[in-house]
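This report is written for a reader who is new to the structure. It should be read with the sequence and the 3D view side by side.

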Amino acid sequence: MSQAEDQMIPVCETISGQRLLFVMAAEAEYGTQLRARFAPLMTGVGPIEAALATGIALHDMARADALPDLVVCLGSAGSRVCGLGEVVQVSSVSWRDMDASRLGFVKGVTPFVDHPVDLPLLTPLVLTTARLSTGANIVGGDGYAAIDADMVDMETFAVARACARYGVPLMGLRGISDGPGELDHIHGWTALLGLLDERLAAAVDMLEAALRPQPGSRL
């Protein structure tokens, strides 16, 4: 592999002896507290950008025999179930855009691909867990009523599919930035991002103890 190719491989953080790749979507969510802890793979917004960026990154890492032991996808989410400003772990993620039910496929399942509607993720931290729905639209108002999940984002399912392709485990952390009331301006999303930066950073700090091999384990 050339030096130029090697320089494009994303940076992993070593925590408790494991190599972690942090994945985020937007610079606005990457505040000063998170910047002090890791350099993420920044994918861009939405499932297509997230799938492209994560898939390419893991492909390059696989070629260099440098796949991470764990991917951590984190950022903001909307919810009318979880509290504003709360940070939760993603217990499972689904894809609300996929609907081939007119052809007899279960809504949320990609035709001819063997995956469940809800993809389970790792939940190593002692934090509240919640089900996440990924899609290409910003959800607000009455739109939550049609979604079978506790919270919504635009990237995690795509990251999960890329991780599955390369056999890399995934966990997700989401800070609730919006949900109650109608969301009709970008400031409704960004208002709490400073607080979520602090709280997501505190959750990241919990990983060291959570991932530390226990006495008697084979890790």
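## Model and confidence

This is a predicted model, in which local features need pLDDT of at least 70 and side-chain atom pairs count only at pLDDT 80 or more, while totals for chains, interfaces and linings use all residues. Residues are numbered from 1 along each chain as its sequence is written, and side-chain values use heavy atoms, with hydrogens and water left out.

The pLDDT (the predictor's confidence in each residue, from 0 to 100) averages 89 over the protein chain, and 92% of the residues score at least 70. Residues 1-7 have a pLDDT below 50, and this stretch has six contacts in the model beyond near neighbours in sequence; a contact means heavy atoms within 4.5 Å.

## Strand pairing

Helices (H or I, at least four residues) and strands (E, at least two) are DSSP runs, numbered from the N terminus. Two strands pair if DSSP finds at least two bridges between them. Strand S4 covers residues 70-78, and nine of its nine residues are buried, where buried means under 20% relative accessible area, exposed means over 50%, and partly exposed lies in between (1.4 Å probe, protein chains only). Strand S2 (residues 18-24) runs parallel to S4, with four bridges between them; Leu20 has Leu70 in S4 as its bridge partner. S4 also pairs with S9 in the parallel sense, over eight bridges, and here Leu74 stands opposite Leu173 in S9.

Strand S7 (residues 129-134) pairs with strand S5 (residues 87-95) over six bridges, in the parallel sense. S7 is also joined by three bridges to strand S8 (residues 151-153), again running parallel. Ser133 of S7 is the bridge partner of Ser94, and Ser133 has Val152 as its bridge partner in S8.

Arg174 is part of strand S9 (residues 170-178). Is Arg174 buried or exposed? Its relative accessible area is 2%, so Arg174 is buried. Its side chain reaches the backbone oxygen of Ser76 at 2.8 Å. The side chains of Arg174 and Thr156 are joined by a polar contact of 3.3 Å. A polar contact is a pair of N or O atoms within 3.5 Å; within protein, one must be able to donate a hydrogen and the other to accept it, and residues adjacent in sequence count only if both atoms are side-chain atoms.

Helix H4 (residues 156-165) is largely enclosed by the rest of the structure, because seven of its 10 residues are buried. Among them are Thr156, Phe157 and Cys163. Just after H4, Gly167 has a positive phi of about 65°.

## Aromatic rings

Rings of Phe, Tyr and Trp (its six-membered ring) pair if their centres lie within 6.5 Å; planes under 30 degrees apart count as stacked, over 60 as edge-to-face and the rest as tilted. The count comes to four aromatic pairs. Phe22 and Phe38 are stacked, because their ring centres are 4.1 Å apart and their planes lie at 5°. Phe22 is in strand S2 and Phe38 in the loop between helix H2 (32-35) and strand S3 (41-42), so the pair ties together parts that are 16 residues apart in sequence. Phe22 is buried at 1% relative accessible area, and Phe38 is buried at 3%.

Phe105 and Phe112 form an edge-to-face pair, 5.3 Å centre to centre with 80° between the planes. Phe105 is partly exposed at 25% relative accessibility, whereas Phe112 is exposed, with a relative accessible area of 80%. Phe22, Tyr30 and Phe38 make up one aromatic cluster.
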